There are 2 protein chains.
Amino acid sequence: MLTSAPINLKQLAGQLGLSSSTVSRALRDSYEISPATRERVQQLARQVNYQPNPIASNLRSHVSKTIGVVLPQVDNHFFASAIDGIEEVAQAHGYHVLIYLTHDQAAQEKTVASFLGQGRVDGILVALASATRSVGHFDKLRQRGLPIVQFDRVNRLLDTATVTTDDYGSAYQATEHLLRAGCRTIAHLRLTENLSISRRRLQGYHAALRDYGLTPDPELVLSASDTDEANIASIAQLLQQRPDTDGIFATVERLALSSYHACRRLGLSIPQTVKIIGFSNMEAASLLAPGLTTITQPAYAIGQEAARILLHALTKRRPVLASQSLELKSELVVRGSTGGA
Amino acid sequence: MLTSAPINLKQLAGQLGLSSSTVSRALRDSYEISPATRERVQQLARQVNYQPNPIASNLRSHVSKTIGVVLPQVDNHFFASAIDGIEEVAQAHGYHVLIYLTHDQAAQEKTVASFLGQGRVDGILVALASATRSVGHFDKLRQRGLPIVQFDRVNRLLDTATVTTDDYGSAYQATEHLLRAGCRTIAHLRLTENLSISRRRLQGYHAALRDYGLTPDPELVLSASDTDEANIASIAQLLQQRPDTDGIFATVERLALSSYHACRRLGLSIPQTVKIIGFSNMEAASLLAPGLTTITQPAYAIGQEAARILLHALTKRRPVLASQSLELKSELVVRGSTGGA
């Protein structure tokens, strides 16, 4: 049967006495097939000059050379920079990157997950929506063998690798920076209580307060609303109800900007009356009046590392393991908003 | 042959004496099929309770209920806001949105176009990469019947609808604002000379200068480099070589921020020594020191309108026509960087 006419997968499998799916996986070097079988399949494929049909091959093996990136939003310097890191690594491996936005909505995230489950992508990088409480929609895909890596906004119930920063430590550092600058009544602004990063940042804030002999006050913890205008109003209200507030720790960039607006609206000077520190990757941080002291996350590197873990799984046909998780370091950059340079 | 067993497209076509593709198009209400034939096909389909196979249907008709958005970058408040407008309209129509970034590279844009040509999306919204000089890669897709709408960064050689702002008029207005504030030596910072929006913004700047009796000076026109650091250095160099420069018109947000950095580095005060105006959708514009006077484009509305034109074409199976093009108005917001409030 060794002829010069093109041979298809079924014929190749017939000659080997194996199923088409076994042959297909053996040709892709899948770890599910024993090395001996892989070698036998690949040898015959070379002998008969077997050429896979690229379209059929895509449909069968879902090798679209595409990764999906699921993000809450892009109007955020952290995610914009993380995307750049992801794309650098993906392009170096010849992979396309598709970006899907959830707008922090759980329902939209579920729709996106079901869409991705239709074989459109080979793997997924995800930063969870703030409204997401369960991760069953991603776990279903993971159980079906779709590699997933979580970054920044992660949920440990989804059994896969995560790439995060030291949220607890950074929040401790930010709070301690305000305490050392003389603040004693520090408001904590967060996105939501759902996210593990929000919880860890709150824990770091609490720990620093306690280490400086202060008792955490739940009245000073504010969760974000849907719009910037609503956030500015809530922060202004907090500052009026608690005029002793002398520090604000904004755990997301957007809330640091809203804090500036609220202080301006109330005529409170930064840093004399209220000192502000925020998690931010904003390029303009140093140009604000005054410059914003930031906890700057290595957003680009987070994107790169998450993509590397995913592409390793894809190219080696290995599952993504929780043990591959990484935690990167953030940096405190002191500027005028806390009385620095 | 009217049985309760499922009937497939081929059997339906056989009963009607039509080709499968004609029946398929008639079922989709395509304008390519006469109303009488559409009615005849749809009537029989209802009688026999014909249920299309969704996967085969997608493959055949490329109805993926997905639109692709091709963008230069997302670390830009204009594009981030335009995406939000696009997604609002797409979701209301039950369409998914995939985002592809070109990083302003022509080669990457060609790769993306070829990828999109493989039937992954039903239609495309594109803002061209600054390095793109020809649009053959999109024109090929357009000729194959894939609806395309261009927004913001457009090329008229691609025969399709565009959604833009009044770039000429806004640039005239920005330049005139600086002239009225007393500037006489106004630098013009642009992305590239390739883009039609760059050319129109330059023309508006030239026209305003001439109307105020000034001769455009090519030495004052600067094209952007790849990195912010390189842009800051070029702007600083320009300000040193031409110490008479008393105004900067940055035609993109990024270059307005780089101008702030350059002035700060040289110790030039804004607005006393140099006044700055920039195209920008930056939320933090009012928080800068001093607040940045902006030409603010209706980015969200641009995204909405572009998506509406595309979805009209998709849902009505009509081609996208250049005559559907729209031009929206931008707004001048005066702040401290030009001596305003």
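**A tour from a helix crossing to the chain interface**

In chain B, helix 8 crosses helix 9 in a right-handed manner (the near helix is turned clockwise from the far one by less than a right angle). The model is predicted: local features need pLDDT of at least 70, side-chain atom pairs count only at pLDDT 80 or more, and totals for chains, interfaces and linings use all residues. Residues are numbered from 1 along each chain as its sequence is written, and chains are lettered from A and ligands numbered from 1 in the order in which they are written.

Helices are DSSP runs (H or I, at least four residues), and strands are runs of E of at least two, numbered from the N terminus.

Next, select the side of chain A that touches chain B. The contact takes 20 residues from chain A and 20 residues from chain B, where contact requires C-beta atoms, placed from the backbone, within 7 Å. Helix 5 (77–92), strand 2 (96–101) and helix 11 (253–266) of chain A each supply at least two residues of that side.

Finally, display L288(A), whose C-alpha comes closest to the rotation axis among the residues of chain A, at 2.0 Å. Chain A can be laid on chain B by a turn of 180° and a shift of 0.1 Å along the axis, with an RMSD of 0.2 Å (least squares on C-alpha atoms of residues with pLDDT of at least 70 in both). The two copies are therefore related as by a two-fold rotation axis.

Terms used
Two residues are in contact if their C-beta atoms, placed from the backbone, lie within 7 Å.
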